[in-house]
Amino acid sequence: MSDKAYSSADDSALVRAAQNGDMGAFEELVARHRDKIYARAYSMMRNEDEALDLSQEAWVKAWQRLKQFQGESSFATWMTRITINLCLDQLRRQKRQRSESIEAMDEESGGVERQMPVVNVNPTEGLERGELRQRIDQALSQLTYAHRTVIVLHEFEEMEYKEIAKTMGCSIGTVMSRLFYARRKMAALLSDLKRPE
Amino acid sequence: MKEELQFKLQAHLDGELPAAETREVAKWIAQDAEARALFAELKNTRGALKVFESEIRLPESREFYWSKIQREIARSEKPQTTEKPSWLASWLRRFLVPAGALAALVIASMLIMHQLPVRTALGEPESVSAFADSEAFTYRDYSTGMTLVWLSYPAENGFAEVLPSDTLGYE
């Protein structure tokens, strides 16, 4: 396949070629989806270097497991799942090294979010798109890893509760609880960020 | 408000409630101000996050990013093709090397055993040799393993001059 043929081929044709050992076809897939894969790793890890390393590791894993890809989902979805799993493994390893027992309890039972008053105004109203993105980014970085992960999986990956539970290795009840308190914390953080200093 | 009801509000927002419960929760939101306020907060937060569709871009060029992936793929595939030793090499390593070492040891032992009786039988318990350059004589007694060295005195070369007056040396 020539360079021109690679760029005009659709993902499934490139995947078939790559499954037969065509490295050029795989390179084209990397070029097409690299931003999304990196962005997903970054949204979970909140660290540029880790996101780069993990996204590259995900591509290496994808090449090694390419024969297992049967096309039940899109290639981009399959790649994103590999990336998410690698990020979750890394976050679990990091969490084991830290002492987060109180924080872990709060993730499921709510902690201070239980006592928080409801935010009555829309904290994002009247903001420029760029400013809004910056504030959300800032608020996301203040969440615990479990809260952030559940937000990323539900809001960005549009996974259902059941799928999130399977991915995170917890019950649907835990997912509902984490998502609820993560959203409440996000609401509080966004309203705090909106207040003039 | 009970936690269970709060979670129901959220499930309603996410479309995860069964049809019968959906109607029930919708009715509750319409009637209860507290439920309505919490529902609005959850909805606003979700709305904000929907707007935030990440526009994060990879901070490396396509070529540089790909080169690292390519290198890693090559590295991960290398051991499968080159590191596996052939059956012959592993057989040689396992049996032939120790057998060779053992054979060498046996041969060396046999030679030593063979040499000793011959020297004794030939009546060769000792030997004498002279070195013309240094005017030194050596005497070797094989039965005791002792060697004596005589150096001439007064010495005619520089080397012997630095030796102490007692010029007998033992090995």
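I checked the interface of chain B and chain A for salt bridges (a side-chain nitrogen of Lys or Arg within 4 Å of a carboxyl oxygen of Asp or Glu) and got three. One that I looked up pairs Glu41(B) with Arg184(A), closest N and O atoms 3.0 Å apart.

Housekeeping: this is a predicted model, so local features need pLDDT of at least 70 and side-chain atom pairs pLDDT 80 or more, while totals for chains, interfaces and linings use all residues. Residues are numbered from 1 along each chain as written, chains are lettered from A in the order written, and side-chain values use heavy atoms, without hydrogens and water.

Next, the contact (heavy atoms within 4.5 Å): I find 37 residues from chain B and 53 from chain A. On the chain B side, H3(B) gives the largest share, 11 residues; helices here are DSSP runs of H or I, at least four residues, numbered from the N terminus.

Then I turned to Arg32(A), in helix H3 (residues 23-45) of chain A.

What does its side chain reach? I noted the backbone oxygen of Tyr6(A) at 3.1 Å. I also have a polar contact with the side chain of Asp11(A) at 2.9 Å (N or O atoms within 3.5 Å, one able to donate a hydrogen and the other to accept it; residues adjacent in sequence count only if both atoms are side-chain atoms). Arg32(A) and Asp11(A) sit 21 residues apart in sequence, with C-alpha atoms 9.1 Å apart.

Methods. Helix = DSSP H or I, 4+ residues; strand = E, 2+ residues; numbered from the N terminus.
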